[in-house]
Amino acid sequence: MAGKLFPLVFLLFLYFSSCTCACHDKVDLVFLVDSSGSVGHNNFIKVKNFVTSSVNRFIIGNRDTLVSVVTFASTPHTEFKLNSLHDKLPLANAIHGIRYISGGTNTGEALKFVGSHIFQPSSGDRINARNILVVITDGQSNNHVATIAQANYLRNNNILIIAVGIGSGISKSELDRMASGPSYVLHVEDFNALSHIYDSIHSIACILVTTIHPTLKVTTTTAAPTTTTTDAPTTTTTKSKL
């Protein structure tokens with residue numbers, strides 16, 4: 001098998017691949033996509049196909065799943081927000097139209113951007129939906145300390161992180177520390193092998209919304225971590241269990 005999945009995720013994949021049931025996932029789903037120089041134009045198309053196929057497994061709409069995509073290289077860029085598109089066809093067209101950027105791999109800054117700009121009510125983040133972030137990368141970040149700090153901040157604000165690593169250039173320890181746990185780390189040997197895990201994102205989300213008690217977001221004032229300067233406090237949304 002070309003793709004490698006960690007044990008629990010692999011079991012989830014097998015279960016939902018054979019299951020004819022469907023679940024309504026009230027999820028705010030954000031894809032953070034590496035568009036750095038190591039990816040390349042042709043491989044970036046394969047990543048977009050993976051995102052499109054993953055999204056196609058979900059029921060899209062205000063009562064179910066909403067999707068956002070952010071790309072990053074040296075800097076992050078919003079492709080579309082959670083409240084931008086509400087149907088599968090416009091989503092597929094928007095993903096297809098995303099341009100390859102090239103540049104460095106500033107994962108830490110991209111994680112910070114997602115927390116401050118995308119998982120926000122102004123961008124469509126809903127008070128009663130589960131927040132899931134899917135980070136897709138083929139390499140190591142240019143600042144490991146900042147990346148882990150920002151990932152910790154997002155997880156502490158009840159954003160579940162799934163880390164998808166592609167190829168041999170990734171840092172397994174960084175993926176493990178970025179993700180919300182070993183069960184949320186996916187690794188494939190190359191970009192072609194992404195086709196083996198098309199169902200995995202939805203499988204994880206479906207398990208979460210059907211087995212874990214819903215959460216309610218409450219507004220708090222806190223500051224995102226920084227390794228260089230001290231930011232002024234910013235208003236963010238977090239979830240607390242009912």
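Serine 84 sits in the loop between β4 (76-80) and α3. Helices (H or I, at least four residues) and strands (E, at least two) are DSSP runs, numbered from the N terminus. The model is predicted: local features need pLDDT of at least 70, side-chain atom pairs count only at pLDDT 80 or more, and totals for chains, interfaces and linings use all residues. Residues are numbered from 1 along each chain as its sequence is written, and side-chain values use heavy atoms, with hydrogens and water left out.

Serine 84 is partly exposed, at 38% relative accessibility. Buried means under 20% relative accessible area, exposed over 50%, and partly exposed in between (1.4 Å probe, protein chains only). The C-alpha of serine 84 is 8.5 Å from that of valine 67, and the two residues are 17 apart along the chain.

**Overall picture**

The protein has seven helices and nine strands. Of its 242 residues, 51% are buried. Contact means heavy atoms within 4.5 Å. Among contacts between residues at least 6 apart in sequence, 76% join residues at least 24 apart.

Confidence is given as pLDDT, the predictor's value for each residue, from 0 to 100. The mean for the protein is 84, and 77% of residues reach 70 or more. Residues 1-21 have pLDDT below 50, and this stretch has 41 contacts in the model beyond near neighbours in sequence. Residues 213-222 also stay under 50. For residues 213-222 the model has 42 contacts beyond four places in sequence.

The buried residues of α2 are Phe44, Val47, Lys48, Phe50, Val51, Ser53, Ser54 and Val55. In α5, the buried residues include Ala146, Ile148, Ala151 and Leu154. An α-helix has 3.6 residues a turn, so residues three or four places apart point the same way. Asparagine 158 follows α5 and has a positive phi, near 60°.

**Aromatic pairs**

Rings of Phe, Tyr and Trp (its six-membered ring) pair if their centres lie within 6.5 Å; planes under 30 degrees apart count as stacked, over 60 as edge-to-face and the rest as tilted. The count by this rule is two aromatic pairs. In one of them, the ring centres of phenylalanine 44 and tyrosine 100 are 5.6 Å apart and the planes stand at 45°, so the pair is tilted. Phenylalanine 44 lies in α2, and tyrosine 100 in the loop between α3 (88-96) and α4 (107-118). The pair links distant parts of the chain, 56 residues apart. Phenylalanine 44 is buried, at 2% relative accessibility. Tyrosine 100 is partly exposed, at 23%.

On a 1 Å grid over the protein atoms alone, a cavity is a set of points where a 1.4 Å probe fits but cannot get out; lining residues have an atom within 4 Å of a point. Grid points are joined across faces, edges and corners, and a volume is the space filled by probe spheres set on the points. The whole structure holds two cavities of 30 Å³ or more. The largest share, four residues, comes from α2.

Methods:
1 Å grid on protein atoms, 1.4 Å probe; cavity = no way out; pocket = protein on both sides within 12 Å on 5 of 7 lines; lining within 4 Å.
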